[in-house]
Amino acid sequence: LEDQIAGSDKESYLKEIRLIMNQAVFSYTRQIEMKGLGHAILTGETLIGDQPFAVVLADDLLDHQPGVLKQMVDLYERHHSSIIAVETIAPEQSRSYGVIAGTPAGERLTQMSQIVEKPDPAHAPSNQGVVGRYVLTPRIFDHINALQPGAGGEYQLTDAIQSLLQQEAVYAYAYQGK
């Protein structure tokens, strides 16, 4: 990127890019086969180790100040538990979301008791659908590793989170923003 920008009319952006690059360490891994979100996250296990980590799905654009991920990290620092972003959905949208159930645990916070992947509206446990932001504890890897492939041979993160609920608290957060 730097080589492409150097000498162009956008060269002034290099200062910002270099600032970011000097403040961060970037590592990546590739999911060679598309086997679901759980599998994609599992490919990062050796990079993440025993640290909490965030998952940001690029097809969900969330806007607010402070940012939604910042809101979630702050909650993680208070609760030291996995935090999953949710929003209110119309019942007919449940087939497009993971849907959670639980008990209120504070402002905008629910301690989860259940998460179901794309339920039929008649069987959805609530109107709270998961959006593409997660802060997860590293124990999620144990639960992904224990999964059997589901529909389409995919390893569903939702199934791993449901299993994780049996061992530690997981919270759904109705984020501030749009």
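A nonpolar core is a set of buried Ala, Val, Leu, Ile, Met, Phe, Trp, Tyr and Cys residues joined through side-chain atoms within 4.5 Å. In this predicted model, the largest such core has 22 residues.

**The nonpolar cores**

- In soluble globular proteins, nonpolar side chains tend to be buried together.
- Within the largest core, the residues that touch the most other members are Met 112, Leu 136, Ile 140 and Ile 161.
- At least two residues of this core come from each of the strands E1 (53-56), E2 (82-88), E4 (109-117), E5 (128-136) and E6 (170-174), and likewise from each of the helices H6 (140-145) and H7 (157-164).
- Helix H7 contributes the most to this core, namely 4 residues.
- When neighbours within four places in sequence are left aside, Ile 140 is in contact with Phe 53, Leu 157, Ala 160, Ile 161 and Leu 164.
- Another core, of 16 residues, lies apart from the largest one, and its members include Val 68, Ala 85, Tyr 171 and Tyr 175.

**A buried serine in a loop**

- Ser 81 is located in the loop between helix H5 (68-79) and strand E2.
- Ser 81 has a relative accessible area of 8%, and it therefore counts as buried, the cut-off being under 20%.
- Beyond its neighbours within four places in sequence, Ser 81 is in contact with Tyr 76, Thr 137, Ala 169 and Tyr 171.

**Salt bridges**

- Side chains of opposite charge can pair when their charged atoms come close.
- The model contains 5 salt bridges.
- One of them joins Asp 74 to Lys 70, with the closest N and O atoms 2.8 Å apart.
- Asp 74 and Lys 70 are separated by about one helical turn, because they are 4 residues apart in helix H5.
- Asp 74 is partly exposed at 29% relative accessibility, and Lys 70 is partly exposed at 45%.
- Asp 120 forms a salt bridge with Arg 95, and the closest N and O atoms are 2.8 Å apart.
- Asp 120 lies in the loop between E4 and E5, while Arg 95 lies in the loop between E2 and strand E3 (98-106), so this pair ties together parts that are 25 residues apart in sequence.
- Asp 120 is partly exposed, with 32% relative accessibility.
- Glu 168 forms a salt bridge with Arg 139, with 3.9 Å between the closest N and O atoms.
- Because Glu 168 lies in the loop between H7 and E6 and Arg 139 in the loop between E5 and H6, the pair ties together parts that are 29 residues apart in sequence.
- Glu 168 is buried at 18% relative accessible area, whereas Arg 139 is partly exposed at 35%.

Note on methods: Residues are numbered from 1 along each chain as its sequence is written. This is a predicted model: local features need pLDDT of at least 70, side-chain atom pairs count only at pLDDT 80 or more; totals for chains, interfaces and linings use all residues. Side-chain values use heavy atoms; hydrogens and water are left out. Buried means under 20% relative accessible area, exposed over 50%, partly exposed in between (1.4 Å probe, protein chains only). Contact means heavy atoms within 4.5 Å. A salt bridge is a side-chain nitrogen of Lys or Arg within 4 Å of a carboxyl oxygen of Asp or Glu.
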